[in-house]
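Visitor: Could you take me through one spot in this protein, close up, and then show me how it sits in the whole chain?

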Amino acid sequence: MTTPQPTLPPALNFIAGRWQDDPQAARLPVHDPATAQPLGDIPLSGAASVEAAVQAARTAFRDPAWRGLPPIARERLLHRLADLIDAHAAELAAIEALDNGKPIAFASTVDLPLAAMWVRYMAGWPSKLHGRCIAPALQPAGSHHAYTLRQPVGVVAAIVPWNFPLVLALWKIAPALAAGCTVVLKPAEQTPYSAIRLAQLIEQAGFPPGVFNLLLGDGTTGQALATHPGVAKISFTGSTATGQRLVAAVARPLTRLTLELGGKSPTLILPDADLSVAIPGAAQAVFFNSGQVCFAGTRLYVPRPLLDPVLDGIAQVIDAFPIGAGSDPATRLGPVVSARQLDHVLGRIEAGRAAGARCVLGGHRIDRPGYFVAPTVLLTEDRHNPAVRDEIFGPVLTVTPYDDPEALVELANDSDYGLAAHVYTRDLGRAHQLAQQLEAGTVWVNTQLTPDPAIPFGGLKQSGWGRENGEEVFAHYTETRSVIIKTA
């Protein structure tokens, strides 16, 4: 039995509080990943729409209807939006399952609760963002009064990927609005529909026109938005290659930029680990959302004596994954998002095998309509194998046995990425040591894939710049202004 297909909203831009098409734009089809059939199409919004969206956000940022709004009123608007997300959670989950292909069992129990919780957490911050008084270090006592103001940066371009369309949009929208910024959101062209429905809810919540704007399109649209001189801050989540292009594009205007990019995160099973926890945890860390998770634990390191039981255990976990369309409540492993992603994942599996990795599970496309890849496990001891080095972003795990636990840190850190790491051990002292030694923005111990709105998230090395979530995120959405007054 499958969930009834939701009614998809019209694919229109939302600019200055009005829904509008881009009549000059070419149209791009959007496909159902589970069937490869078209769902509809979106405009590839051009320069005129980008200009209109940014100008609408700039106008709203200066308008007293938003700029002069008391912080507690911004909190109220965000709570109203969270209530609307909760009220429409079943519909939004069905859209995510259809548009992205993810299992509705996860969309309804993970994505949607997290979406509302993120907004509610950020809703608490507008009245907590403030400056401070500072005693000058070089002036006579009492001769000067100095303080800082914490002010919103301006227009934020939020560019989000297709793996968690709604949640990652709100990771950016909620703190930006909490800080008093205005937003232009560009969702991924593969998964636009939950963003469109979200824009309808933001409109319904009562945010002033132009405070939030939605711009549909592909990478060309995103590039035009990111390089617009009216944008004060870009928050981007996506591939490392695209992030590198953005760095080059904003070098001249020096637009503020945060990047949450790729990952090739290690999972370390220590010799004393509880395998009843580590095995399902390691499998969940890589196969959840069909491996389309930036911080997935895609490199598994196992003590050599434990290799066979770990491989057998992972095979049992995989066998228990019902594979199917995201709209089927029984599904636990859905398709990858697109034909292009399917080809990429299969190509990286083949490259790993060609370089000597042994495929012990999966390694092929599943023979059914849609973009399904069998959960794959590659065994290799070659740290230079492309399956070990390159982000695959699909249901693919590399497993490497090790003999010396003291070599684990070097193995784990031998990567261009540094987004996350997972550690399984009963020795919490060793866990604390590894947390300091591993080159990762987040280290999970005896757990996996548990982000939290209060906890900063981001990466090192080619995994990005800056942090999402927690109080730290507001350093990216606010400017500190110093005021010094001579009083005597």
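Guide: Let's start with T240, which lies in helix α9, a helix covering residues 240–249. Keep in mind that this is a predicted model. Is T240 buried or exposed? With a relative accessible area of 7%, T240 is buried, because anything under 20% counts as such. As for who touches it, set aside the neighbours within four places in sequence, and T240 is in contact with L261, G262, Y417 and Q462. Then there's S463: 223 residues separate it from T240 along the chain, yet their C-alpha atoms are 6.9 Å apart.

Now zoom out. The UniProt record, an unreviewed entry, puts the feature "domain: Aldehyde dehydrogenase" at residues 19–483. Over that stretch the chain is 39% helix and 20% strand, with 42 Å between the end C-alpha atoms.

Across the protein chain you'll count 16 helices and 22 strands. The radius of gyration is 23 Å, close to the 23 Å the globule rule gives for 488 residues, so the chain is as compact as a globular protein of that length. Along the principal axes, its C-alpha atoms fill a box of roughly 75 × 60 × 40 Å.

Buried residues make up 57% of the 488. Take the contacts between residues at least 6 apart in sequence, and 74% of them join residues at least 24 apart.

Key:
Residues are numbered from 1 along each chain as its sequence is written. This is a predicted model: local features need pLDDT of at least 70, side-chain atom pairs count only at pLDDT 80 or more; totals for chains, interfaces and linings use all residues. Side-chain values use heavy atoms; hydrogens and water are left out. Helices (H or I, at least four residues) and strands (E, at least two) are DSSP runs, numbered from the N terminus. The radius of gyration is taken over C-alpha atoms; the globule rule is 2.2 Å times the number of residues to the power 0.38. Buried means under 20% relative accessible area, exposed over 50%, partly exposed in between (1.4 Å probe, protein chains only). Contact means heavy atoms within 4.5 Å. UniProt positions are given in the numbering used here, feature names are shortened, and annotations may be inferred rather than shown by experiment.
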